[in-house]
Amino acid sequence: MEETMIQTDKLSALGIMASSFAHEVNNPLATINVYAEDLIDRIQAGDEDLDEEEMEHYLRKIKENTERCKRITGNLLNFSRKNDWTEDRIRVREIIENSISLVEHQLKKQRIQLELRVAEGLPLVSGDGLKLMQVIVNLINNAVDAMESEGKLVVSANGTVDGKVSIEVTDSGHGIPAEAMDKLFDPFFTTKPIGKGTGLGLSVCYGIIQQFGGSITIDSKPAEGTTVEIQLPAERSMRAGLGVEDQAMKMDEK
Ligand code: ADP
């Protein structure tokens, strides 16, 4: 298995990112412009061939490209992540279950078999719960994109010997070619067709996990599948052995 460990300087290349961003957003903007201009010209010329069906075609193209821009900017906003970071006491089990409920429909649609293995008594983690959910959903979406119908997805969470929480998302998808491994976390690196991938998912995940003080690693074997592992440090009080998820739940229930 080929492994890539992320270097902390990956995201410091903000300048590169800014120019890639301009490039990525310019393409769909140019397309929107062409469709809008063409439509206006035809309306102004009183083109009688312009029927409802064709108008709808123009509007759909405009909408598709607007959505693409929205996805790119939405992802980019996460780079300025310090602005809206909340510090929650996170039960990893709950976050994983919530993440899965967001993608369940897609899993069913693609008839992907899901196996969930969350160990009992995991330590709590501190950080932004919604951001962690965003990371897990992103990893599951990548896994789903890599699988044909009837693939297998395993989401697991375990405690590590050094007191961290390890979350793994494993798929039986097409895997990642060796030459792509060190580009995976680069902003805008994508192998997905235009309109599907922005190449920002993993770099955003990386930024979020870094803020948790954790790490993210990817193992993959072409034609066999991919495992993404996140390791998160346990909450400080948990590291001192003061409690685990189940106790925190009991406290809340009182
Ligand atoms: P995007 O999903 O928009 O392409 P990401 O940054 O999330 O952007 O992923 C970058 C690339 O990494 C993907 O285009 C794909 O080639 C590869 N990749 C990520 N996760 C997986 C996976 N589970 N299986 C195979 N390839 C993957």
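**How the helices pack**

Colleague: When H3 passes H4, is the crossing left-handed or right-handed?
Modeller: This is a predicted model, where local features need pLDDT of at least 70, side-chain atom pairs count only at pLDDT 80 or more, and totals for chains, interfaces and linings use all residues. Residues are numbered from 1 along each chain as its sequence is written. A crossing is left-handed if the near helix is turned anticlockwise from the far one by less than a right angle, and right-handed if clockwise. For H3 passing H4, that comes out right-handed.

Colleague: And at what angle do H3 and H4 pack?
Modeller: Axes are lines fitted to C-alpha atoms, for helices over the stretch in contact, with angles from 0 to 180 degrees between N-to-C directions. The axes of H3 (residues 92-109) and H4 lie 9 Å apart, and the angle is about 35°.

Colleague: How many charged residues sit in the contact of H3 with H4?
Modeller: Contact means C-beta atoms, placed from the backbone, within 7 Å. H3 brings residues including Ile95, Leu102 and Val103, and H4 brings Leu132, Ile136 and Ile140 among them. Ala, Val, Leu, Ile, Met, Phe, Trp, Tyr, Cys and Pro count as nonpolar, Asp, Glu, Lys and Arg as charged, and the others, Gly among them, as polar. By class there are 11 nonpolar, five polar and, for charged, no residues.

Colleague: Which H5 residues does H4 meet?
Modeller: The axes of H4 and H5 come within 10 Å and cross at roughly 150°, in a left-handed crossing. From H4, Lys131, Gln134, Val135, Asn138, Leu139 and Asn142 meet H5's Gly201, Cys205, Ile208 and Ile209.

Colleague: What distance separates the end C-alpha atoms of H4?
Modeller: Helices are DSSP runs (H or I, at least four residues), numbered from the N terminus. The expected span is 1.5 Å times one less than the number of residues. H4 has 18 residues, so it should span 26 Å, and that agrees with its end C-alpha atoms being apart by 26 Å.

Colleague: Which elements give two or more residues to the shell around the ligand?
Modeller: Of the 20 residues around the ligand, Asn142, Ala146, Thr190, Gly197 and Gly201 come nearest; near means a C-beta atom, placed from the backbone, within 6 Å. The elements giving two or more are helix H4 (129-146) and helix H5 (201-211).

Colleague: How many residues of that shell around the ligand are charged?
Modeller: The shell divides by class into seven nonpolar and 11 polar residues. That leaves the charged ones, and they number two.

How values were computed. Contact = placed C-beta atoms within 7 Å.
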